[in-house]
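Dear colleague,

I am handing over the structure below for your study. Please look through it first, and then read the notes that follow.

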Amino acid sequence: MIKVFFAPSARFARQISLRAALTAGLVMAAMAPAEAAKTTLTLGMSVEPTGLDPTIAAPVAIGQVTWQNVFEGLVTIDQAGKIRPQLAKNWEISPDGLTYTLKLQSGVRFHDGEAFDAASAKFSLDRARGADSVNPQKRFFASIASIDTPDAETLVLHLSTPTGSLIYWLGWPASVMVAPKTAAGDKVTPVGTGPFKFVGWAKGDKVELEKNADYWNKAAAAKLDKVTFRFIADPQAQAAALKSGDLDAFPEFAAPELMSSFDGDTRLVTRIGNTELKVVAGMNNARKPFDDKRVRQALMMAIDRKTVIDGAWSGLGTPIGSHYTPNDPGYQDMTGVLPYDVEKAKALLAEAGYPNGFTFTIKSPQMAYAPRSAEVMQAMFAEIGVTMNIEPTEFPAKWVQDIMKDRNFDMTIVAHAEPLDIDIYGRDPYYFNYKNPVFNALMKKVQETTDPAAQNAIYGEAQKILAEDVPALYLFVMPKLGVWDRKLKGLWENEPIPSNVLSGVSWEE
């Protein structure tokens, strides 16, 4: 038999070629790996930090860039507000509460290669507590009388008095470990032990970090290769940058009134979490008429907190009656101690010798919540015959000078971001100029025990004193308003301490 082969027609040849191409494409697609997840993140912040070293200046924006990213502490504070080991893997406290023995991690190096050990830990704490220290929380270290380093992995703190909050304080941004050789330059070129290394800072625009490939804690190594913090003050510009994709996330979005503008966005999600941001209108208790408790009580009773929250923060916030948040241990709701009551407020003013009211000035920093709150309060005070003039005050420089340093003010309004900072009313000096020996004794007593139940009972007594004495007008706790790409995982929804902890952040594949 003879086999005869016929050449295919041109049309038939094209069909065969097309089928072959499609088949090859399917095979290649099946062999190709899934699309790799992103490894970069661009994150927005409203306030640019004044520097990058949280151990020498107080603004929270510093720690929001570098704490737990570049710098680490002997211990850390997790998303639930709990203390966790970090550069110290464990510790023991003597029965009398005067000796703390901390065992340190081994094999840890700073980003420049310098070893982290007991000597550098001692250097960091001595720098924070020394006579020339400018640490914003220098009081944290005041009870440390001396420090021993029996070996490279053992740090022994000898205290002059029991300090029940010491381990908690050692987890704060102000307590991070710094390298002896580079500490002086950390304000502009931070060098830490963290999962990210500093790359550069374009003032007025951005700070860039990159993954630390040699990070000591492999279980907590960064999943991102590069992080860019961009500083955008204007809320409308923040929203526009998010919607255009120029920003991947804004963990503390500054405009509650714009949160609904993201409804229905297929790429972005919104989150409302809790914070420690207590908005209070602090009074100069050493200046008339605020030296009279009845006047302070009258002003508190003239304020409808719900209306303030509606006007200042679009109804997103939690009323408070003292300098304490519902997240804090031992919290008690004190909003009923001096409730909104215009007639009682007028009566208290008359009793204090101001039947026709008085006039004063509030110095209001430019952060959105402050002038908005002040305007609502202004209208409420008018109802009891009190005239409040509003003076815009640049923050932080002018505000810090006028209020914190010169005490040249009648009233101001600010969100206190530090967790568990009720003790500020016992600090001398502090801008409230509030003096109460009973309150001060409670703050001393709370440090004499490490028992949480005992501490909570003492904090309860302290809250009651502040609610009745009102050295400041207690308004509300600001929520954490987050907006970010729905494929981003690991950003903190709640904020027990001001931060942007990024080691656990990643993109979905």
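Val279 has Phe476 in β19 as its bridge partner. Please note that the model is predicted. The strands involved are β13 (residues 278-282) and β19 (residues 472-477), which pair in the antiparallel sense over 5 bridges.

These two strands belong to an open sheet of 4 strands, ordered β14-β19-β13-β18, in which the pairing is antiparallel. Its edge strands are β14 (318-319) and β18 (414-416), each of which pairs on one side only. Helix α9 (residues 369-382) lies across β13, β18 and β19, and runs at about 125° to β19.

A further open sheet, also described by its strand order, has 4 strands arranged as β4-β5-β7-β6 with antiparallel pairing. Here β4 and β6 (144-151) are the edge strands, each pairing on one side only. From one strand to the next, the twist averages 20°. Between β6 and β7 (residues 154-159) there are 5 bridges, and the two strands pair in the antiparallel sense.

Strand β10 (residues 226-231) deserves a separate look, as two pairings involving β10 can be described. With β1 (residues 40-45), strand β10 pairs in the parallel sense over 6 bridges. In β10, Phe231 stands opposite Met45. With β9 (residues 206-211), strand β10 runs antiparallel, and 5 bridges join the two. Here Glu208 stands opposite Thr228 in β10.

I turn next to empty space in the model. Rolling a probe the size of a water molecule over the atoms shows where empty space is left. The second largest pocket has a volume of about 680 Å³. Its lining is made up of 26 residues, and those nearest the centre of the pocket are Gly81, Ile83, Tyr168, Pro329 and Leu420. By class, the lining of this pocket has 12 nonpolar, 10 polar and 4 charged residues. At least two lining residues come from each of β4 (88-93), α4 (166-169) and α12 (452-469). Of these elements, α12 gives the most to the lining, with 4 residues.

Two single residues complete the notes. Is Asp469 buried or exposed? Asp469, which is placed in helix α12, has a relative accessible area of 13% and is buried, because buried means under 20%. Leaving aside neighbours within four places in sequence, Asp469 is in contact with Lys293, Arg296, Tyr434 and Asn436.

Lys398 is found in helix α10 (residues 397-405). Lys398 has a relative accessibility of 40% and so counts as partly exposed, a class that lies between the limits of 20% and 50%. In sequence, Lys398 and Pro365 are 33 residues apart, while in space they are 8.9 Å apart, C-alpha to C-alpha.

Yours sincerely,
A colleague

How values were computed
Residues are numbered from 1 along each chain as its sequence is written. This is a predicted model: local features need pLDDT of at least 70, side-chain atom pairs count only at pLDDT 80 or more; totals for chains, interfaces and linings use all residues. Side-chain values use heavy atoms; hydrogens and water are left out. On a 1 Å grid over the protein atoms alone, a cavity is a set of points where a 1.4 Å probe fits but cannot get out, and a pocket is an open set with protein on both sides within 12 Å along at least five of seven lines; lining residues have an atom within 4 Å of a point. Grid points are joined across faces, edges and corners, and a volume is the space filled by probe spheres set on the points. Ala, Val, Leu, Ile, Met, Phe, Trp, Tyr, Cys and Pro count as nonpolar, Asp, Glu, Lys and Arg as charged, and the others, Gly among them, as polar. Two strands pair if DSSP finds at least two bridges between them. Axes are lines fitted to C-alpha atoms, for helices over the stretch in contact, and angles run from 0 to 180 degrees between N-to-C directions. Contact means heavy atoms within 4.5 Å. Buried means under 20% relative accessible area, exposed over 50%, partly exposed in between (1.4 Å probe, protein chains only).
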